[in-house]
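Hi,

Here is the structure I promised to pass on.

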Amino acid sequence: MSIVQTQTTSFKAELYQGIHDLTTDVIKIALYTASANLNEDTTVYSSNDEVAATGTYSLGGAQLTPITVNTSGYTAYVGFPNISWTGAITARCALIYNSSQGNKSVAVLDFGSDKTSTGTFTITMPANTATAALIRSSN
């Protein structure tokens, strides 16, 4: 197992190739167990080690919407909404991926340990600011 919170290396290269448009493509997030192998080398979504469908969670996860792209000074950053599912869910990490572009990976979220919910499982995204956003780039 190797879970590392990061933008995937393939995503970074694909940005320069013009493959991703985070504001118009369908961007999804899927939950994974502690057995997952998600890190900088992850290139596409896979259902291997994804949490089981339960409650409102289904395989492949859910769409993140709306997504915003903003700038401040020399920094560009992406704002993602919080997302929730109901049901008995235990997850260790998540993968954000672009289902419009062949399920190409975007980023891995590492929860640090298993997180369990019997009611509502919520991922609270970082603030949509140049210094806190999950995805940001500056010179």
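Predicted model: local features only at pLDDT ≥ 70, side-chain atom pairs only at ≥ 80, totals over all residues.

Residues are numbered from 1 along each chain as its sequence is written, and side-chain values use heavy atoms, with hydrogens and water left out.

**Salt bridges**

The structure has 2 salt bridges, a salt bridge being a side-chain nitrogen of Lys or Arg within 4 Å of a carboxyl oxygen of Asp or Glu.

One of them pairs E14 with K104, and their closest N and O atoms are 4.0 Å apart. This pair ties together distant parts of the chain, with E14 in helix α1 and K104 in strand β10 (residues 104-117), 90 residues apart. Helices (H or I, at least four residues) and strands (E, at least two) are DSSP runs, numbered from the N terminus. E14 is buried because its relative accessible area is 9%, whereas K104 is partly exposed at 25%. For those words, buried means under 20% relative accessible area, exposed over 50%, and partly exposed in between (1.4 Å probe, protein chains only).

The side chains of D110 and R92 also meet in a salt bridge, at 2.2 Å from N to O. Here too the pair links distant parts of the chain: D110 sits in strand β10 and R92 in strand β9 (residues 89-98), 18 residues apart. D110 counts as partly exposed, at 26% relative accessibility, and R92 counts as buried, at 13%.

Leaving aside neighbours within four places in sequence, D114 is in contact with A34, T90, A91 and R92 (contact means heavy atoms within 4.5 Å). A34 and D114 are 80 residues apart along the chain, yet their C-alpha atoms are separated by 6.9 Å. D114 itself is partly exposed, with a relative accessibility of 44%.

**The largest pocket**

What lines the largest pocket? There are 15 lining residues, and Q7, F11, L15, I135 and S137 lie nearest its centre. Its volume is about 280 Å³. By class, the lining has 9 nonpolar, 3 polar and 3 charged residues. Helix α1 (9-16), β7 (75-79) and β12 (135-137) each supply at least two residues of that lining, and the largest share, 4 residues, comes from α1.

The terms, for reference: on a 1 Å grid over the protein atoms alone, a pocket is an open set of points where a 1.4 Å probe fits, with protein on both sides within 12 Å along at least five of seven lines, and lining residues have an atom within 4 Å of a point. Grid points are joined across faces, edges and corners, and the volume is the space filled by probe spheres set on the points. Ala, Val, Leu, Ile, Met, Phe, Trp, Tyr, Cys and Pro count as nonpolar, Asp, Glu, Lys and Arg as charged, and the others, Gly among them, as polar.

**T42 and its loop**

T42 is in the loop between β4 (37-38) and β5 (62-63). Is T42 buried or exposed? It counts as buried, because its relative accessibility is 9%. A polar atom of the T42 side chain lies 3.0 Å from the backbone nitrogen of N39. Beyond its neighbours within four places in sequence, T42 is in contact with T8, S10, N37, L95 and S105.

Most residues other than glycine have a negative phi, and most peptide bonds are trans. D49 is not a glycine but has a positive phi of about 65 degrees; D49 lies in the loop between β4 and β5. N103, also not a glycine, has a positive phi of about 60 degrees and is placed in the loop between β9 and β10. D49 is partly exposed at 36%, and N103 is partly exposed at 27%. Finally, T65 and P66 are joined by a cis peptide bond, with omega about 0 degrees, and P66 is in the loop between β5 and β6 (68-72).

Cheers

Conventions
Polar contact = N/O pair within 3.5 Å; in protein donor to acceptor, adjacent residues only side chain to side chain.
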